[in-house]
Amino acid sequence: MVPTLSNKDQVLLAERGISVESGVYGVKIKLISNGLCWLLNYLHSSGKQGSLLSLKLLKDVAAFQKDSDSWRELRIAASRLPAYDTQYYQLSLYLNGSPPKAFMAFPPNLRAVPRTFDIPHLEYGIFKIKGDQAANIALSASETELLENDGVIVADGVN
């Protein structure tokens, strides 16, 4: 039986910064920084890092409750990598108190951090994406500006 998200699950996920659309071509998942914070805290708390980003996993994230003893803020940073005459950015994600993990590098034709970008299909990482899924991270204009000016996005899971 294929898991589905109830209306209650979808409402809870939306409140946490995660939206899910299912269609004939698969599932599209959109995460804002707070949604990523919820997802990574769930994965850290449950010990399920490296799990497939699936509807079942999202149901678990919807049911997950914050534990003030183990909850961590999410940090997102973009490091500048000057090469040739182009500015590259390497994106790092980490929960406060954990070592930063390089998440992805933006293509060389971008001179700025994009507001929305696809999560690559990673073989190894914090979580995995299936071939019939599209997942992206959407940042606000103020968040991308912060990253471009050497700042760090701090998300605590509260919208």
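The structure holds four salt bridges, a salt bridge being a side-chain nitrogen of Lys or Arg within 4 Å of a carboxyl oxygen of Asp or Glu. This is a predicted model, in which local features need pLDDT of at least 70 and side-chain atom pairs count only at pLDDT 80 or more, while totals for chains, interfaces and linings use all residues. Residues are numbered from 1 along each chain as its sequence is written, and side-chain values use heavy atoms, with hydrogens and water left out. Helices (H or I, at least four residues) and strands (E, at least two) are DSSP runs, numbered from the N terminus.

**Salt bridges**

- K59 forms a salt bridge with D9, and their closest N and O atoms are 2.6 Å apart. K59 lies in helix α3 (residues 55-63) and D9 in helix α1 (residues 7-16), so the pair ties together parts that are 50 residues apart in sequence.
- D9 has 10% relative accessibility and therefore counts as buried, whereas K59, at 29%, counts as partly exposed. Buried means under 20% relative accessible area, exposed means over 50%, and partly exposed is in between (1.4 Å probe, protein chains only).
- D60 forms a salt bridge with K48, with 3.9 Å between the closest N and O atoms. D60 lies in helix α3 and K48 in the loop between α2 and β3 (51-52), so this pair links parts that are 12 residues apart in sequence.
- K48 counts as partly exposed because its relative accessibility is 35%. Salt bridges that share partners join K48, K56 and D60 into one network.
- R75 forms a salt bridge with E73, the closest N and O atoms being 2.8 Å apart. E73 is partly exposed, with a relative accessible area of 30%.

**Helix α2**

- Helix α2 (residues 33-46) has 14 residues and reaches 20 Å from its first C-alpha to its last. That is close to the expected 20 Å, the expected span being 1.5 Å times one less than the number of residues.
- Of the 14 residues of α2, 11 are buried, so the helix is largely enclosed by the rest of the structure. Among them are W38, L39 and Y42.
- Just after α2, G47 takes a positive phi of about 75°.

**Nonpolar core**

- A nonpolar core is a set of buried Ala, Val, Leu, Ile, Met, Phe, Trp, Tyr and Cys residues joined through side-chain atoms within 4.5 Å. The largest one here has 43 residues, of which L36, L39, L53, L91 and F127 touch the most other members.
- Helix α2 gives the most to this core, with seven residues.
- Leaving aside neighbours within four places in sequence, L53 is in contact (heavy atoms within 4.5 Å) with residues including I29, L39, L58 and F127.

**Sheet**

- Four strands form an open sheet in the order β6-β5-β4-β10, with antiparallel pairing; two strands pair if DSSP finds at least two bridges between them.
- β6 and β10 (152-155) stand at the edges with a single partner strand each, so one side of each has no neighbour in the sheet. The twist averages 25° from one strand to the next.
- Helix α2 packs on the sheet, touching β4 (74-83), β5 and β10, and its direction makes about 110° with that of β4. Axes are lines fitted to C-alpha atoms, for helices over the stretch in contact, and angles run from 0 to 180 degrees between N-to-C directions.
- Four bridges join β5 (residues 86-95) to β6 (residues 101-105). Q90 stands opposite A105 in β6, and S92 opposite A102.
- The hairpin of β5 and β6 has five residues between the strands, and G97 in this hairpin takes a positive phi near 95°.
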